[in-house]
Amino acid sequence: MRWIGVVVNPIAGMGGRVGLKGTDGKVDEARERGAEPRAPERARAALDALAETDSGVELLVFAGPMGEDAARAAGFDPVVVGEPEGERTGTRETTAADTRAAVRAFVDRDADLILFVGGDGTAVDVAETLDEIDSEIPILGVPAGVKIYSSVFAVRPREAGIVAASFDDVETGEVNDVDEDAYRAQEVSTELRAIAKTPVAEERQASKQTGGGTVETLAEGVAEEVEPGVTYVLGPGGTVGAIKANLGFEGTPLGVDVYRDGEVVVRDGGASAIEAALGDRNVVVVSPIGGQGFVFGRGNQQIAPDVIRRSDVEIVATRAKLDGLDVLRVDTGDPDLDAELRGWHRVRVGRYERRLVKIE
């Protein structure tokens with residue numbers, strides 16, 4: 001029998017939809033902007049998939065929103081090994097200290113795997129705790145954060161549940177974190193925080209690469225084809241940033257800008273502002289993340305499912321970036337939309353050239 005310790009960071013990813021580029025220290029602001037918890041539903045998707053495997057696994061959890069709620073909703077009868085401080089005080093708030101306490105409890109119960117739900121910050125809490133107590137229990141992340149640079153995550157929640165039930169071997173994976181204050185200031189500053197054991201699986205994502213190839217001709221080609229009256233939702237990253245520069249404005253490097261008829265109508269917008277700016281015809285321009293291949297769902301959650309459904313999608317990437325990717329991926333948080341987006345897409349790689357690439 002396989003014992004899996006499940007720990008959920010309930011506030012992970014709340015800042016994504018509302019344009020905060022992370023939730024560390026920004027929970028109250030995210031709530032003021034109307035953010036809804038994202039991690040619980042992603043935990044449920046992973047545990048539903050785990051339950052469907054009928055593999056006879058047993059779950060260890062922390063009480064309430066840190067694992068117990070999602071486990072029971074998925075039909076499990078978990079063993080509760082502790083509770084967050086907020087459960088005792090009645091606030092229901094959770095902290096990184098609670099995550100670390102859960103990990104220690106799982107180690108004490110000889111868990112075979114720790115399945116955590118969150119982002120890079122949660123991955124750091126889990127991996128550093130294991131390192132402190134000299135444990136090599138493997139870990140696997142259910143992606144729920146805004147920016148996910150570590151290689152210990154499954155590509156999507158359902159895949160996390162399937163891998164947790166079925167993996168046979170482990171390897172080392174990087175746990176990276178990003179300085180969120182620098183990230184909000186449009187600077188990417190990553191730091192390798194830990195090396196952890198993680199399941200060997202094709203459904204695990206790679207560490208994010210931050211470099212790319214030349215984008216000049218590609219950007220010029222997109223800018224030349226911009227049409228009057230069309231609203232362009234321009235995603236983050238260097239490739240799309242070059243397009244923004246060709247359109248004559250300094251874009252938000254790590255945010256989403258909306259452009260129409262020679263003007264920036266939304267700068268560094270959250271989901272609601274972007275959707276409010278849409279017109280009769282809309283085009284979302286995005287570039288996949290190097291090394292991972294995600295088109296939606298990593299760093300651009302502001303481009304919400306409703307925006308995508310109302311828009312044409314233009315994927316742009318340098319040849320060098322595509323050469324390093326087997327497939328493209330999506331993780332919008334809407335399984336039906338993910339299914340609609342899967343299949344072959346024409347990705348722009350030059351001024352006029354396009355390449356057929358599959359989204360899986």
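Let's start with the parallel sheet. Five strands form an open sheet in the order β3-β2-β1-β4-β5, with parallel pairing. Two strands count as paired if DSSP finds at least two bridges between them. Helices (H or I, at least four residues) and strands (E, at least two) are DSSP runs, numbered from the N terminus. The edges are β3 (79–82) and β5 (139–143), and each pairs on one side only. From one strand to the next, the twist averages 25 degrees.

This is a predicted model: local features need pLDDT of at least 70, side-chain atom pairs count only at pLDDT 80 or more, and totals for chains, interfaces and linings use all residues. Residues are numbered from 1 along each chain as its sequence is written, and side-chain values use heavy atoms, with hydrogens and water left out.

Back to the strands. β1 (residues 3–8) and β4 (residues 113–118) pair in the parallel sense over five bridges. Take Val 8: its bridge partner in β4 is Val 117.

Now the helices on this sheet. Helix α6 (residues 120–132) lies across β4 and β5, and runs at about 150 degrees to β4. Helix α7 (residues 157–166) packs on the sheet too, touching β1, β4 and β5. The direction of α7 makes about 160 degrees with that of β5. Axes here are lines fitted to C-alpha atoms, for helices over the stretch in contact, and angles run from 0 to 180 degrees between N-to-C directions. Contact means heavy atoms within 4.5 Å.

Which residues touch the most other members of the largest nonpolar core? They are Ile 4, Leu 47, Leu 50, Leu 59 and Leu 115, out of 28 residues. Such a core is a set of buried Ala, Val, Leu, Ile, Met, Phe, Trp, Tyr and Cys residues joined through side-chain atoms within 4.5 Å. Buried means under 20% relative accessible area, exposed over 50%, partly exposed in between (1.4 Å probe, protein chains only). At least two core residues come from each of β1, α2 (39–52), β2 (58–62), α3 (68–73), β4, β5 and α7. The largest share, five residues, comes from α2. Leaving out residues up to four places away in sequence, Ile 4 touches several residues, including Leu 50, Leu 59, Leu 115 and Ala 164.

Next, the mixed sheet. Five strands make an open sheet, ordered β10-β9-β8-β11-β13, with mixed pairing. β10 (263–266) and β13 (312–315) stand at the edges with a single partner strand each, so one side of each has no neighbour in the sheet. Neighbouring strands are turned by 30 degrees against each other on average, direction ignored.

β9 (residues 257–260) pairs with β10 in the antiparallel sense over three bridges. There, Arg 260 has Glu 263 of β10 as its bridge partner. β8 and β11 are parallel, over four bridges. β11 and β13 also run parallel, joined by four bridges.

Is β11 buried or exposed? Five of its five residues are buried, so β11 is largely enclosed by the rest of the structure. Asn 282, Val 284 and Val 286 cover one side, with Val 283 and Val 285 on the other. Helix α10 (residues 238–246) lies across β8 (231–234), β9 and β11 (282–286), at about 130 degrees to β11.

Last stop, Thr 332. This residue sits in the loop between β14 (329–330) and α14 (335–341). Thr 332 is buried, with a relative accessible area of 4%. Its side chain makes a polar contact of 2.8 Å with the side chain of Asp 338. A polar contact is a pair of N or O atoms within 3.5 Å; within protein, one must be able to donate a hydrogen and the other to accept it, and residues adjacent in sequence count only if both atoms are side-chain atoms. A polar atom of the Thr 332 side chain also lies 3.1 Å from the backbone nitrogen of Asp 334.
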